[in-house]
Amino acid sequence: MAKKVELQHDIMKELLDYSPKIIYGTEEIIGELRGDRQKDTDELFNLVIQGINWEIEVYNNCEALINQEDKVIDKSKMATAVVRLGKVLQEKDDIKIAACLEVDFLPFLKAMEKAAGSIK
């Protein structure tokens, strides 16, 4: 069990280093989806989604550590956000995708960054 906790702490350190990058990328893709599309917008979007998925996996594997003292992230809200993103992706509406990223995922990414910074 001690090894698992040690690994969780290590991954949260990695997340703390990664968080500013994925937050920046998410903010950039939101702007591009709202009308400033570039030739590589789809590629950037795929990278952002991969990064968000990685942070979700970290959350799933470190939930007890993240929510140890307070409920920092609500798992049911995250599940709802993932379902909503799936729906707007099917619609292929850039504005709705941008709104979903901004309303549902940016707060999650920022909460994960804050949680990683508070874990000792």
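# Charges, helices and contacts in a predicted chain

The chain has 17 positive and 23 negative side chains, and the centres of these two sets lie 4 Å apart. The model behind these values is predicted.

**Overall build**

What does the secondary structure of the chain come to? The count is four helices and zero strands. Read along the sequence, the pattern is α-α-α-α. The C-alpha atoms fill a box of roughly 45 × 25 × 20 Å along the principal axes.

How does the radius of gyration of the chain compare with that of a compact globule? For 120 residues, a compact globule would have a radius near 14 Å. The chain has 15 Å, so the two agree.

Now for the surface. The accessible surface of the chain comes to about 7500 Å². Carbon and sulfur atoms hold 53% of that area. Of the 120 residues, 37% count as buried.

Contacts can also be sorted by sequence separation. Take the contacts with a separation of 6 or more: residues 24 or more positions apart account for 72% of them.

**Two residues and their contacts**

Start with Leu 15. This residue is found in helix H1, which covers residues 2-33. Is Leu 15 buried or exposed? Its relative accessible area is 0%, so Leu 15 is buried. Which residues does Leu 15 touch, leaving aside its neighbours within four places in sequence? Leu 15 is in contact with Trp 54, Glu 55, Val 58, Met 112, Glu 113 and Ala 116. Ala 116 is 101 residues away from Leu 15 in sequence, yet their C-alpha atoms are 6.7 Å apart in space.

Next comes Ile 56. Helix H2, residues 41-66, holds Ile 56. With a relative accessible area of 12%, Ile 56 is buried, because buried means under 20%. Again leaving aside neighbours within four places in sequence, Ile 56 is in contact with Met 78, Val 82, Phe 105 and Phe 108.

Ala 79 lies in helix H3. Ala 79 has a relative accessibility of 44%, so it counts as partly exposed.

| Pair | Apart in sequence | Apart in space |
|---|---|---|
| Leu 15 and Ala 116 | 101 residues | 6.7 Å |
| Ile 56 and Ala 79 | 23 residues | 9.8 Å |
| Ile 56 and Ala 98 | 42 residues | 18 Å |

**Lys 92 and its phi angle**

Most residues other than glycine have a negative phi. Lys 92 has a positive phi of about 55°, although it is not a glycine. Where does Lys 92 lie? Its place is the loop between helix H3 (75-91) and helix H4 (94-118). Lys 92 is exposed, with a relative accessible area of 69%. The cut-off explains the label: exposed means over 50%.

**The cysteines**

A disulfide is a covalent bond between the sulfur atoms of two cysteines. How many disulfides does the count give? The count comes to zero. What makes Cys 62 count as buried? Its relative accessibility is 2%, and that is why Cys 62 carries the label. Cys 100 has a relative accessibility of 4%, so Cys 100 counts as buried too.

Conventions. Residues numbered from 1 in each chain as written. Predicted model: local features only at pLDDT ≥ 70, side-chain atom pairs only at ≥ 80, totals over all residues. Heavy atoms only, no water. Disulfide = S-S within 2.5 Å. Buried < 20%, exposed > 50% of the residue type's maximum accessible area, 1.4 Å probe, protein only. Helix = DSSP H or I, 4+ residues; strand = E, 2+ residues; numbered from the N terminus. Rg over C-alpha atoms; globule rule 2.2 N^0.38 Å. Contact = heavy atoms within 4.5 Å. Areas by Shrake-Rupley, 256 points an atom, 1.4 Å probe, with all protein chains shown as cover. Lys, Arg positive; Asp, Glu negative; His and termini not counted. Charge placed at Lys NZ, Arg CZ, Asp CG, Glu CD.
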